[in-house]
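Visitor: I would like to learn how to read a few features of a model. Please give the general idea each time, and then the case at hand.

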Amino acid sequence: MLAERCAPFLPTGADVSQTFIGQAAPNRAYFLITYLTGLTMHWIKYRCVAVTDDAVYVLESSKTSGGAKPTALIATLPRQTRLGQVSGRWAPVTLVDEPHWVHRRFHSAVMSADREAGFA
């Protein structure tokens with residue numbers, strides 16, 4: 001489903017192998033404050049990441065969808081980009097020169113993307 005939502009922003013015929021959602025914020029405490037009160041939501045950026053054989057695409061996503069509805073392509077990274085080691089509930093991943101936090105449910109996609117790029 002997430003791959004289908006990314007398709008309009010990717011090159012025609014791009015075969016998406018992994019997708020995941022990341023959130024960028026000054027630090028992890030913003031997520032807790034947003035969860036409890038919603039007061040810091042405007043500081044959090046939601047990103048959807050689509051990985052293909054050729055590149056890693058970083059897409060801006062709507063806040064109200066929690067990152068599940070991409071709205072624009074903001075960066076194309078080389079496929080050999082290492083996304084990073086992930087562990088714990090929220091793992092830091094650097095995308096577009098800023099830290100993003102990826103929830104545990106997407107860790108397998110991040111690890112699989114790194115394996116396919118040749119990182120152990």
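Guide: A nonpolar core is a set of buried Ala, Val, Leu, Ile, Met, Phe, Trp, Tyr and Cys residues joined through side-chain atoms within 4.5 Å. Buried means under 20% relative accessible area, exposed over 50%, and partly exposed in between, with a 1.4 Å probe and protein chains only. The model is predicted, so local features need pLDDT of at least 70 and side-chain atom pairs count only at pLDDT 80 or more, while totals for chains, interfaces and linings use all residues. Residues are numbered from 1 along each chain as its sequence is written, and side-chain values use heavy atoms, with hydrogens and water left out.

Visitor: How many residues has the largest nonpolar core, and which have the most contacts inside it?

Guide: In soluble globular proteins, nonpolar side chains tend to be buried together. Here the largest core holds 27 residues, and Phe20, Leu83 and Leu95 have the most contacts inside it. At least two residues each come from helix H1 (2–6), strand S1 (16–24), S2, S3, strand S4 (70–78), S5 and helix H3 (107–116). S3 gives the largest share, 5 residues. Helices (H or I, at least four residues) and strands (E, at least two) are DSSP runs, numbered from the N terminus.

Visitor: What is Phe20 in contact with, leaving aside its neighbours within four places in sequence?

Guide: Contact means heavy atoms within 4.5 Å. With those neighbours left aside, the partners of Phe20 include Leu2, Arg47, Leu83, Val102, Ala109 and Val110.

Visitor: Which residues of H3 are buried, and what covers them?

Guide: His107, Ala109, Val110, Ser112, Ala113 and Asp114 are buried in H3. Their cover includes S1, S2, S5 and S6. After H3 comes Gly118, with a positive phi near 100 degrees.

Visitor: How should I read the salt bridges, and how many are there?

Guide: Side chains of opposite charge can pair when their charged atoms come close. A salt bridge is a side-chain nitrogen of Lys or Arg within 4 Å of a carboxyl oxygen of Asp or Glu. By this rule there are 4 salt bridges. One of them joins Glu98 and Lys45, with the closest N and O atoms 3.3 Å apart. Glu98 lies in strand S6 and Lys45 in strand S2 (residues 45–52), so this pair ties together parts 53 residues apart in sequence.

Visitor: Which salt bridge does Glu60 form?

Guide: Glu60 pairs with Arg47, the closest N and O atoms being 2.3 Å apart. This pair also links distant parts of the chain, with Glu60 in strand S3 (residues 55–61) and Arg47 in strand S2, 13 residues apart. Glu60 is partly exposed at 23% relative accessible area, whereas Arg47 is buried at 4%.

Visitor: Where is Val96, and what is its phi?

Guide: Val96 sits in the loop between strand S5 (90–95) and strand S6 (98–103). Its phi is near 55 degrees, a positive value in a residue other than glycine. Asp97 is in the loop between S5 and S6, with a positive phi near 60 degrees. Val96 is partly exposed at 35% relative accessible area, and Asp97 is exposed at 80%.
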